Amino acid sequence: MNVFSLSDYEQEISPQLSPEWKGDAIDYLIYGKQFSDIIFDFQMAALSTPLEKNICIHFVKCSFGNNVFVKSQAQKLVFHFEDCFFDHIVTSEEAGQGFLTGVKIFDARNCRFEQCRFHADNHANSDWCDFKMEKCVFEQCSFSGQCTYYAFYVRDCKFIGCQFKNMEYETCDVPEIIDCEVRSCIFRHLKIRGDLCLYVCGSCFSNCSLEDIEWHIEGFLECDFDNITIKDANLYQGYLKDSRLQNINILSVKMQGDLEGNITDNIISTDFCIET
């Protein structure tokens, strides 16, 4: 397996970068490369970098395939991805060599993820990180594990045929899902906890199933739900406002919050309790 060296890619800020990212402390720009069977080893770079400085890598129009690992003890490892493609990437942090090991900021825009497995383990990487996605597509991906985020923002993304199972995460900022499409996905054995709750706005959920869910929710606003099955769920502190719900099957669900201004059609419920 090859070892990736940062010294081959050090450049100045490029005009190809998105305007929003200009001005970031980007140390390395990598453009148009294909990576597979490779280890990104940032441990030596971390030793020569001041603790207060980010090691920041910006990938543009790159692709990532099987057996891509990150090995790092960096204090602040920052990944920016733009127009990149990910296929069969695994983020498991076993032996400290997952794809996201040591990453403190993961920021992706206009990227596509196919058949990737995102698994987090707090025992391997206990520090919190920022996770930001915009205009990305996830198809046939799986998400699992214990996650801790300082910030969790997902905007204008698509999740198609994905699975979210055996997952628990906590955040110290309001996690946001804005203007997303979630289609034919499975949510099972999930817990969202923390003082600040999940906020979902302008998103569409269709042909999805949710089972054994415990979510602390800020609220759902102007969302669209079609052909959804919800079973054994507890939704706390939330609201559902100005949304459309049709073909919903609800079984053993408890919700604490407000329902206002919604349009409903063909709602089948058994043991559904709402506390306001």
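These legends walk through several close-up views of one predicted model.

Before the views, a few ground rules: residue numbers start from 1 along each chain as its sequence is written, and side-chain values use heavy atoms, with hydrogens and water left out. Because this is a predicted model, local features need pLDDT of at least 70 and side-chain atom pairs count only at pLDDT 80 or more, while totals for chains, interfaces and linings use all residues.

**View 1. The whole chain, to get our bearings.** The chain holds one helix and 25 strands; helices (H or I, at least four residues) and strands (E, at least two) are DSSP runs, numbered from the N terminus. Of its 276 residues, 47% count as buried, where buried means under 20% relative accessible area, exposed over 50% and partly exposed in between (1.4 Å probe, protein chains only). The accessible surface comes to about 13500 Å², and 45% of that belongs to carbon and sulfur atoms; these areas come from the Shrake-Rupley method with a 1.4 Å probe, and for residues only the protein chains shown count as cover. Among contacts with a separation of 6 or more, 41% join residues 24 or more positions apart, a contact being heavy atoms within 4.5 Å.

View 2. The pLDDT, which is the predictor's confidence in each residue from 0 to 100, averages 79 over the chain, and 73% of the residues score at least 70. Confidence is lowest in helix α1 (residues 43–47), with a mean of 55. It is highest in strand β14 (residues 137–139), at 97.

View 3. L240 sits in strand β23 (residues 224–241). Is this residue buried or exposed? L240 is buried, since its relative accessible area is 11%. Leaving aside residues up to four places away in sequence, L240 touches F220, F225, L245, M255, D258, L259, E260 and N262. E222 is 18 residues from L240 in sequence, and their C-alpha atoms are 8.3 Å apart in space.

View 4. One of the residues touched by L240 is L259, which belongs to strand β24 (residues 244–260). L259 counts as partly exposed because its relative accessible area is 42%. Together with F272 and I274, L259 forms a nonpolar patch on the surface, with about 230 Å² of accessible area in total. Patches are made of residues with over 30% relative accessible area and no salt bridge; like charges are joined within 9 Å, and nonpolar side chains (Val, Leu, Ile, Met, Phe, Trp, Tyr) within 5 Å.

View 5. With a salt bridge taken as a side-chain nitrogen of Lys or Arg within 4 Å of a carboxyl oxygen of Asp or Glu, the count comes to seven. D107 and R109 make one of them, at 3.6 Å from N to O. Both ends of this pair are buried: D107 has a relative accessible area of 7%, and R109 has 13%. R112 and E114 pair at 2.6 Å, N to O; here R112 is partly exposed at 30%, and E114 is partly exposed at 24%. These two residues also join E139 in a network of salt bridges. E181 and R183 meet at 2.8 Å, N to O, with E181 partly exposed at 23% and R183 partly exposed at 31%.

**View 6. Cysteines without a disulfide.** How many disulfides does the rule give? The count is zero, a disulfide being a pair of cysteine sulfur atoms within 2.5 Å. C62 is in no disulfide, and the nearest cysteine sulfur, that of C84, lies 4.9 Å away. C62 is buried, at 3% relative accessibility. C111 is likewise in no disulfide; its nearest cysteine sulfur belongs to C136, 4.7 Å away. C111 is buried too, with a relative accessible area of 3%.

**View 7. Two loop residues with positive phi.** D83 lies in the loop between β8 (77–82) and β9 (85–87). Its phi is near 55°, a positive value in a residue other than glycine, and D83 is partly exposed, with a relative accessible area of 31%. K135 is placed in the loop between β13 (129–134) and β14. K135 has a positive phi of about 55°, although it is not a glycine, and it is partly exposed, with a relative accessible area of 46%.
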